[in-house]
Amino acid sequence: MSRVDHATPTAEVTALWDAVVGQPELVATLAHAAADAGRIRRGEPGPAMTHAWLLTGPPGSGRSTAARVFAAALQCAEGGCGTCEACRLTLAREHPDVDQFTPEKLQITAEESLDLIRRAAMTPIMGRWNVLVVEDADRLNDVSGNALLKSLEEPSPRTVWILCAPTAEDVLPTIVSRTRQVRLRTPGTREVAEALVRREGVDPALAAFAARAAQGHIGRARALAADEQVRLRRSEVLAIPGQLRDLPSCFVAAQNLLDAATADAAAITDALDASELATLMRAYGEGATGAMAARVKRTASAATKELEARQKSRRTRTVRDQIDRALLDLTGLYRDVLVLQTGARVELINDELRPTLGSMAAHGSVQATMARLAALDHARLEIAASVAPLLALEALMVKLARGG
Ligand SMILES: [Zn+2]
């Protein structure tokens, strides 16, 4: 791994940074910054450190992991040992001076921005720095973004902003110009597979499959390697093209895909919903009696309604995410068909399906494959833009069956 000389990481620092897969340049930059952050605290110059960062990288490249590891390195007295209390609390998302804000709505609201500014003005309670991680900073609009500018430019002396976004182009230019940008790339199949073997003890053959199937998305690779249900779901999705014979079978396939996505989303959100509700109930004192109990009940019911509304919107978003995941898998399948049709010399994503892919390639034209890929793109955009998923999926299945 290449690193800048002055970062001189110890073996322990490497263990912490090891969680950031396939990003040697980014690790070098941030480890150096963390070392300089320590110098700044001692009153020495530390040019590699700055108070506002923008981490950019495609979905699944590990942006939030990189942000959290960097936050741990900043809080750690040794620049990121990976084992001290500061490191452990930060990695477990429990450090009181590391705030990770994940927007729940499509845009970050002015109200949420004001809350971030308030938190940015605080001094650290137990840590060395007050770190604010903002995920999806591309969701800052003119109003909420402009509200942040002053705080980004001149935060409290111990505050560090770490903004995350897919690309700098997605973020307001006024925000970008006030940050130092560090880019993550899509990690290679081999790097992801190696990380699965080394860090999670996954069998090498399974790790290679998961990394290939996930196409550089680390979280997806981890899920494919760890969970047989996820692998099963994926092969069900990849079997869809073979089932599209006529109009009724297209509608059945669309409904099945939606049902599967809904079930998978419920598996993710149900446990979260229950624990949030339990926390809320505890906050309102479940044990109150008499007149007190009646008053508590009224207040609790308003708060419960608000929580339920938030959970419902999260459930909707999670279903859409699951559908998008399935459509990405189908895109990979047709991409492989195109590879075989054009004789391109690249690795197949679905190498284990070579015979099926070969027959799909032989029975269709390049134009039809391109049209199917375009239809998948179109459906993903529609669903992201809140078109009813079933309608978008039905239209898609018909286009996949016809070849455009
Ligand atoms: Zn540490």
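Residues are numbered from 1 along each chain as its sequence is written. This is a predicted model, so to speak of local features we ask for pLDDT of at least 70, and side-chain atom pairs count only at pLDDT 80 or more, while totals for chains, interfaces and linings use all residues.

**Confidence along the chain.** The pLDDT, the predictor's confidence in each residue from 0 to 100, averages 90 over the protein, and 95% of the residues score at least 70. Residues 1–13 have a pLDDT below 50, and beyond near neighbours in sequence this stretch has 22 contacts in the model. A contact is a pair of residues whose C-beta atoms, placed from the backbone, lie within 7 Å.

**Close-up of α8 on α9.** Helices are DSSP runs (H or I, at least four residues), and they and the strands (E, at least two) are numbered from the N terminus. Helix α8 (residues 189–200) packs on helix α9 (residues 204–214) at an angle of about 140°, with the axes 8 Å apart. That makes the pair oblique; angles under 35 degrees count as roughly parallel, over 145 as roughly antiparallel, 65 to 115 as roughly perpendicular and the rest as oblique. Axes are lines fitted to C-alpha atoms, for helices over the stretch in contact, with angles from 0 to 180 degrees between N-to-C directions. On the α8 side, Thr189, Val192, Ala193, Leu196 and Val197 make the contact, meeting α9 residues that include Pro204, Ala207 and Arg212. The contact residues divide into 10 nonpolar, 1 polar and 1 charged. Ala, Val, Leu, Ile, Met, Phe, Trp, Tyr, Cys and Pro count as nonpolar, Asp, Glu, Lys and Arg as charged, and the others, Gly among them, as polar.

**Close-up of α11 on α13.** The axes of helix α11 (residues 228–239) and helix α13 (residues 290–342) come within 9 Å and cross at roughly 55°. So α11 is oblique to α13. Arg234, Val237 and Leu238 in α11 meet Ala326, Asp329, Leu330 and Leu333 in α13. Sorted by class, that gives 5 nonpolar, no polar and 2 charged residues.

**Close-up of α13 on α15.** Here α13 meets helix α15 (residues 366–384), with axes that come within 10 Å and cross at roughly 165°. The two helices are therefore roughly antiparallel. Among the α13 residues in the contact are Arg320, Leu327 and Tyr334, and α15 brings residues including Arg372, Leu376 and Ile383. By class, the contact has 11 nonpolar, 4 polar and 5 charged residues.

Conventions:
Two residues are in contact if their C-beta atoms, placed from the backbone, lie within 7 Å.
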